[in-house]
Amino acid sequence: MTNAWIIARNTFREAVRDRVLYAILVFAVVAIGGSKAIGWVMVGEDIKVMTDIGFASVAFFSVLIAIFVGTGLVHREIDKKTLYTVLARPVHRWEFLVGKYAGLMLTVLVNMAIMSVLFLVYLRIMGLVTVAGTDNVAPPVLTYMNLQALVLTAAELAVVTAIAVFFSSASTPILSAILTTIAYAAGHTSDWIMIMVEMLRPAPGAELTFWQWLGQWILTAVYYLVPNLEIYNIRNLAVHSELVSVQPLAFWHFTDTCATAICWVLVAMLLSVLVFGRREL
Amino acid sequence: MAEEETTPESTGPAGPAKPIRTRGLSMVYRTDILKRKRKALDGLDLEIEPGEIFGYLGANGAGKTTTLKLLVGLLRPTAGEAWILGRSTGEVASRRPVGFLPENPFFYEYLSAREAVDFYASLSGMGRADRARRTAEVLELVGLGGAEEGRIGSFSKGMRQRLGLAQALVHEPQVLILDEPMSGLDPIGRRDVREIILAQRDLGRTVFFSSHILADVEAICDRVGILAQGRLAETGPLENILTREITSIDVAVEGASVEAVPEDLAADTTMRVIETENGFEITVADYETAYRVMDAAEAAGAKLRALTPRGESLEQYFMRTQAGGRAGEGAAGAAEPGAPPEGGSPG
């Protein structure tokens with residue numbers, strides 16, 4: 001694992017020196033800062049709108065980094081032959097992949113942490129400004145619910161990054177980016193897939209046609225093959241956390257969801273190792 | 001024999017394990033989704049002795065780079081096996097005593113030269129203090145002493161080549177495997193690399209390198225191997241390979257002018273004739289012609305100063321071997337039925 005850690009550190013160092021990362025970070029800061037403008041339009045709801053946009057920005061721009069950097073991660077190494085000098089040393093191919101994944105995750109998480117801190121500090125300041133001169137108390141920002149939402153966003157990113165690394169180890173950056181984006185979109189519409197399966201059921205008394213059967217089969221396969229990313233999305237709930245009906249996830253539910261993410265990461269990385277291990281370099 | 005090919009080497013009756021040894025090493029590439037095949041290397045048997053510099057020659061597509069990649073585990077052979085100091089190249093540990101320089105090496109653009117070499121040193125298991133010391137040493141050795149903190153992205157091709165050599169040397173490997181180490185270097189750079197390779201041999205290390213620059217190979221190699229279309233056409237010490245045939249004879253004569261040369265020979269435009277201060281020199285194809293020149297010169301009152309038979313140059317030999325390999329029946333590189341013609345694929 002020492003080699004994987006050395007490669008992870010190097011990947012992180014390379015990534016943080018890439019200007020693309022800073023461009024994405026600037027966009028994220030602008031989006032979080034600009035949320036106040038939309039908040040003004042919706043009188044009385046400005047903090048809620050800012051929270052909503054802030055969470056969405058953190059998630060969206062972090063996924064953007066994961067896809068942008070992750071999909072080229074392995075292929076670029078093969079294409080530019082930078083991995084020749086690495087794998088010609090006593091380094092296993094799986095160590096190389098795990099190192100690349102860990103380095104990218106470190107990059108994504110550091111960026112996410114920067115965006116989250118900026119977002120929460122901004123939210124706190126705006127909350128204090130809103131209640132200034134009144135008897136009201138500014139809403140807390142470091143709530144258990146908000147932290148859960150951020151941790152689960154990180155779990156989602158871990159899954160998306162592993163998918164990006166898998167596609168990157170098997171195909172070109174452009175194809176990887178397209179496939180990862182499709183997997184991301186499908187992962188967030190997973191519940192709809194089962195609804196569509198239900199819609200394909202024949203009317204009572206009617207027989208199941210071949211096409212209905214085929215459609216059900218394909219959709220069910222997609223449902224089980226693509227991770228359901230919506231289970232990591234409690235950001236909307238966090239926005240409405242002041243409502244009595246909205247409660248943080250129970251501890252076991254929360255850890256169970258995190259464990260699911262770990263399982264998906266392990267599956268994606270295992271497949272990556274199998275594909276990459278067979279590649280002629 | 002079969003057992004010998006499948007079991008890892010160790011010290012045995014024949015002595016310590018060879019730095020590099022291959023038995024029947026073969027590689028077939030699948031060139032496209034139709035799984036058409038191209039044989040890049042065919043049954044390579046090779047043994048490299050400790051402390052020698054071995055030059056690996058061959059035309060583009062002959063299988064040189066494929067061999068080197070197989071030796072460092074970047075490719076897995078489709079048949080046969082290779083060992084580095086007795087360990088099968090299938091084992092990751094076989095790469096520990098190896099320093100590898102790929103052809104036209106690429107590095108992480110955003111790192112400095114010092115960071116890059118330190119990174120490779122850490123992958124070879126070196127401690128922090130050793131890394132710092134050796135990184136500074138090898139960067140100085142390859143002539144990048146003043147560019148330690150420079151970003152690799154701004155490096156010229158020659159500087160990258162030098163950096164490639166630095167990363168290959170940093171962990172003081174027993175076996176150096178270098179793919180075209182002089183590529184991209186100016187004459188001074190080539191001389192520097194030749195000196196580094198010779199210095200490594202003086203330290204008892206084994207150097208196995210491929211090159212297109214025959215003059216460099218001729219200057220520093222103890223032995224050469226010539227690869228033609230995936231097969232080893234010839235291997236041995238340079239003097240054994242190159243003195244097998246006499247290709248020309250220089251005759252130096254004193255006390256007579258060029259007019260002493262027989263008319264039919266003087267008319268032969270393929271011969272080289274040079275007038276000297278008090279005589280002439282002539283290069284002829286065989287001894288019979290040389291004797292005719294000598295007789296004619298003696299008849300004109302001149303005397304023979306020197307008679308020097310010339311062997312093949314490495315370049316001449318190489319060209320002949322490659323031509324033979326191409327014409328050879330059942331050449332290894334010949335595409336299998338349905339396979340595309342060779343070219344532009346890994347060498």
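**View 1. Polar contacts across the A–B interface.** Between chain A and chain B, 14 residue pairs are in polar contact, both residues at pLDDT 80 or more (a pair of N or O atoms within 3.5 Å, one able to donate a hydrogen and the other to accept it; residues adjacent in sequence count only if both atoms are side-chain atoms). This is a predicted model: local features need pLDDT of at least 70, side-chain atom pairs count only at pLDDT 80 or more, and totals for chains, interfaces and linings use all residues. Residues are numbered from 1 along each chain as its sequence is written, chains are lettered from A in the order in which they are written, and side-chain values use heavy atoms, with hydrogens and water left out.

**View 2. A salt bridge at Arg17(A).** Arg17(A) pairs up with Glu115(B) through their side chains, at 2.7 Å, N to O. The count of salt bridges between chain A and chain B is 2 (a side-chain nitrogen of Lys or Arg within 4 Å of a carboxyl oxygen of Asp or Glu).

**View 3. The area buried between the chains.** Putting chain A and chain B together buries about 2,900 Å², with 55% from carbon and sulfur atoms (accessible area lost, 1.4 Å probe, summed over both parts). On the chain A side, Arg17(A), Arg89(A) and Pro90(A) supply 25% of what chain A buries against chain B, more than any other three residues. As for contacts, 27 residues of chain A meet 32 of chain B (heavy atoms within 4.5 Å).

**View 4. Inside chain B.** Of its 347 residues, 50% count as buried (under 20% relative accessible area, 1.4 Å probe, protein chains only).

Note on methods
Buried area = accessible area lost by both parts, 1.4 Å probe.
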